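Student: I have a structure open and would like to go through it with you. Can we start with the ligand and then move on to the sheets?

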Amino acid sequence: MQSTMQDTPLSMAMLLRHGLDTYADSKVVTWLGESGRTSTYAEVGETAARLANALRRLGVGPGERAGTFQWNNAEHLAAYLGIPASGSVLHTLNIRLFPEQLAYTANHAEDKVLICDASIVPVLAKVLQEMKTVEHVLVVGGDADVREQLAGGSAQIHDFHEVVDAEEPTFAWDDKLDERSGASMCYTSGTTGNPKGVVYSHRSLFLHAMAGCMGSAFGISDRDRLLAIVPMFHASGWGMPFQGWLAGADLLMPDRFLQAEPLAKLIEQEKPTFSAAVPTVFNDLLRYVDEHKTDVSSLRTVVCGGAAVPLSLMKAWHERHNITLIQAWGMTETSPLAAIAHPPADAALDDWNWRSKTGRIFPAVECRVVSEDGVIQPNDGQAVGEFEVRGPWVTASYYQGDDPSKFSDDGWLRTGDVGFLDAKGFMQISDRSKDVIKSGGEWISSVDLENALMGHPDVMEAAVVAVPDERWSERPLASVVVRQGATVTADELREFLGSSVAKWQLPERWAFIESVPKTSVGKFDKKVIRARYAEGELEVVELESKLK
Ligand code: ADP
């Protein structure tokens, strides 16, 4: 039987228009360091339309790519909405990638136009000549001297506002385009090998935005003010710009002011109700607000993910500031929201057993656990294997068919994350498959050791990696950043770990370091630690083994 329903394509044009028609007065605040610059949705929509006209004039047709090289701000949001709603494809370049990788992504995506914030022109200037397909760069802010830094190559350099302001303030947003066509693209941060491209469709972005607004996800509405800390160049800023726009929430954009002090000031002045970021951001912020009296009481919920969230961090925010940190899991390949750890209805918010789970699977996303020999495991909260996922906002391949080994023969995405699922759909990640420590045939979770270590009052950060061991093949090396003024020893830390970790898992090798190296998106960069160890650059304390 055929349904009687209308077949309306889900599109970014629909999303953009909904925000404009319904919430024209909602606000977008771009942080300037000490105060904010406020625009309305109507104003951002007008910039989006003018930009869409300008891009057509500059030769970016439907399906062709326009890239952004920007912080989170109102102009980036206009590009975020306007480029896909016009039928072209938005490519958000990760400004923190290594120069060669940056050029690689622009060439691979064949970006024709780039929009660049004046504050990061020097970063782009280093690689622009290597970007072979870029014909025009629109610089937001800055003066002729700033733009001059990009001159000398084949691309023409313009002032963003000059170009955009000369255009008509309306655009015939494309409602009829195929909802399965590409709307935006993002590259994985390439912790190994070249970055790989993921192309999101209009349909996938729209469905992901709706799912993100659900009460069992971010639970946002037009009563909210979202502090969008996750960079919009990283996994679509976890979809927050789209979810916020769909719900009519105010969007607070920190621009380049991502350090704890300006973020604390932003929170105090602009009073966000909701935010999301990787755990390191909320770890730094916690230290700041603990030391400097800051009113953070407007925040009800903060979603943390992208890396394992230490239980000690969740407890500290809960107990000291009455703020609920909820853990979530996802990847660039999953748009990224795929699981979120709201405790079940019959559990209290401070039921840490539930809160410490990685996440409960989102509707429409399916997840299975597959053992090393390819057998699908039961969802019994015990059987360990690699997570595989599928769903309408999970990628089915990489752009240009790169790395097909990441997809199973029956079309599931192999996540590279290892752990177990329980009967209520909660997943628990024990590690990334490449970070698991394989000691004498048994697996040690680096994440469990890190979590336990970060629960010690003198430990600010701790990263655990596998290092080669003659007898056990691999053993854990703990690299620890100690709080200023503290004098804790390796022996004391091992003893502390012994209260929650099995004896055979306790590290013998310890390094005290100044900070844990981070990737372009603020996660622990374990490959750097492994390399430093291999090169003999780490000063390692070796304790007597507790293994027989
Ligand atoms: P990259 O692989 O470059 O870091 P992503 O930002 O897409 O790119 O990272 C996705 C990965 O981040 C996941 O595969 C997983 O290993 C890790 N991750 C995300 N959320 C969590 C979480 N809550 N706990 C543990 N790991 C997580």
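This is a predicted model: local features need pLDDT of at least 70, side-chain atom pairs count only at pLDDT 80 or more; totals for chains, interfaces and linings use all residues.

Tutor: Residues are numbered from 1 along each chain as its sequence is written, and side-chain values use heavy atoms, with hydrogens and water left out.

Student: Which residues come nearest to the ligand?

Tutor: S189, T332, D417, R432 and K523, out of 15 residues around the ligand. A residue counts as near if one of its heavy atoms lies within 4 Å.

Student: And what classes are in that shell?

Tutor: Five nonpolar, seven polar and three charged residues. Here Ala, Val, Leu, Ile, Met, Phe, Trp, Tyr, Cys and Pro count as nonpolar, Asp, Glu, Lys and Arg as charged, and the others, Gly among them, as polar.

Student: Which strand gives the most to the shell?

Tutor: Strand β14, residues 324-330, with four residues. Strands are DSSP runs of E with at least two residues, helices are runs of H or I with at least four, and both are numbered from the N terminus.

Student: Where are the polar contacts?

Tutor: A polar contact is a pair of N or O atoms within 3.5 Å; within protein, one must be able to donate a hydrogen and the other to accept it, and residues adjacent in sequence count only if both atoms are side-chain atoms. An oxygen atom of the ligand is 2.6 Å from a side-chain N or O atom of D417, and an oxygen atom of the ligand is 2.7 Å from one in the side chain of R432. A ligand nitrogen lies 2.8 Å from a polar backbone atom of A328.

Student: How much of the ligand does the protein bury?

Tutor: 91% of the 560 Å² that the ligand exposes when taken alone. Those areas come from the Shrake-Rupley method with a 1.4 Å probe; for residues, only the protein chains shown count as cover.

Student: New topic. What is the strand order in the seven-strand sheet?

Tutor: β7-β6-β5-β3-β4-β8-β9, an open sheet with mixed pairing. β7 (156-159) and β9 (197-201) each have a single partner strand, so one side of each is left without a neighbour in the sheet. Two strands pair if DSSP finds at least two bridges between them.

Student: How do β4 and β8 run, parallel or antiparallel?

Tutor: Parallel, with two bridges joining β4 (89-92) to β8 (182-187). L90 stands opposite S184 in β8. Helix α4 (99-109) packs on this sheet, touching β3, β4, β5 and β8, and its direction makes about 155° with that of β8. Contact means heavy atoms within 4.5 Å; axes are lines fitted to C-alpha atoms, for helices over the stretch in contact, and angles run from 0 to 180 degrees between N-to-C directions.

Student: What about the four-strand sheet?

Tutor: The order is β23-β24-β25-β26, again open and mixed. β23 (459-469) and β26 (540-542) are the edge strands. Ten bridges join β23 to β24 (473-482) in the antiparallel sense, and D469 has S473 as its bridge partner in β24.

Student: Last one: where is the cis peptide bond?

Tutor: Between S335 and P336, with omega about 10°. P336 is in the loop between β14 and β15. Separately, A235 has a positive phi, near 50°, in a residue other than glycine, and A235 sits in the loop between β10 and α9.
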